[in-house]
Amino acid sequence: MRPAAASASTSGAASAPVVPSAAGSTAAAVARRVRAVQYDYEARDKELVPACNLCGGRHLVEVSRVDRYGFPAVLRVCARCGLGFLSPRLTAAEYADFYAGVYRPLVSAYHGRPIDADSVQAEQREYAEALADHLGAALDARPRSIMDIGGSTGAVAGPLADRFGAAATVLDPAPDELRVAAAAGMETIAGFAEDYDPAGRTWDLVLLCQTIEHLLDVGATLAAIRGMLAPEGRAFADVLDVEFMIRRRGAVEGAVKIDHPFSLTPATARGFFAREGLAVVSERMADDGHWGFVLAPSEPAEPAWDELEAGARRLLDRAWALRAESP
Ligand SMILES: [Zn+2]
């Protein structure tokens, strides 16, 4: 999910302090709407994540204990590489239930407007057009087949397939959203990328758009993507830079949400790509904090651990300084 565009709130300026939150809503209004969704996060089944998905490290820094919805989700950052992740987090079965019935109502409550398959379709059209422009310039050849992992309603895969004259496949865990993609003529596969076995099938373009933070195993999914790429194929993946979002929201807590088991930066993303044999051939900085990468199959390489460790320290220092400055 892309964050809603921030709108300035001018109400209650002097007398009653207003905490700007989602799209100009006060924190109290957001809390009220989230309570009305009646999702009992504390009662759901959870699992600990003992080691870092990027470097395997176990030296973790507990950074925050509440997410943007007010749920008690603990964000830990790996001291060796800077990867952020929730631990404990919901189990895979709980996440499946969450996406089937809770995710859209919860995001709608947070933003104070209905966000469903139809509105996602409209909002992502602009994203798809901008991405098509970028890929049109970055790709050497027009893709004839496109796989969109976590592709929702096909709102991105559809316009890209039209632009390039390609056939689109959408893989997503949310059945309601897949129905929209199927109605538009796309091939659909229900499930998580980590569990999907393509049985040797490959695609010219594999997309992981605004999805990497939602995965339960980033490394395994990128390895699967590597395996789905045709020899001259390309992948596109973007990360919502958690450092950008912490700065934009003014606090770590504003950048953490239970629907993001992982929090990445461009640096940790590059570490994953190197390790899984995906070479960066083009990059794109979007206005909303997403940093995109066009990737080509290559030999797996060791990530630059020293740089990652320095980046981890910088991220932690900035989050700490921001906490000191917050009221
Ligand atoms: Zn790590």
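Visitor: Which residue in β10 is the bridge partner of Leu-208?

Guide: Ala-237 is that partner in β10. This is a predicted model, where local features need pLDDT of at least 70, side-chain atom pairs count only at pLDDT 80 or more, and totals for chains, interfaces and linings use all residues. Residues are numbered from 1 along each chain as its sequence is written.

Visitor: What makes β9 and β10 a pair?

Guide: Two strands pair if DSSP finds at least two bridges between them. Strand β9 (residues 203-208) and β10 share 5 bridges, in the parallel sense, so they meet that definition. Strands here are DSSP runs of E, at least two residues, and helices are runs of H or I, at least four, numbered from the N terminus.

Visitor: Why is the crossover from β9 to β10 called right-handed?

Guide: The term applies if, with the strands pointing away from the viewer, the path from the first strand over the helix to the second runs clockwise. Here the chain goes from β9 through helix α6 (residues 218-228) to β10, and this β-α-β crossover is right-handed.

Visitor: Why is β10 described as largely enclosed?

Guide: A residue is buried if 20 or more other C-beta atoms, placed from the backbone, lie within 10 Å of its own; exposed means 12 or fewer, and partly exposed is in between. In β10 (residues 229-240), 9 of the 12 residues are buried, so the rest of the structure largely encloses the strand.

Visitor: What joins β10 to β13?

Guide: 6 bridges do, and the two strands run antiparallel. Phe-293 in β13 is the bridge partner of Ala-237.
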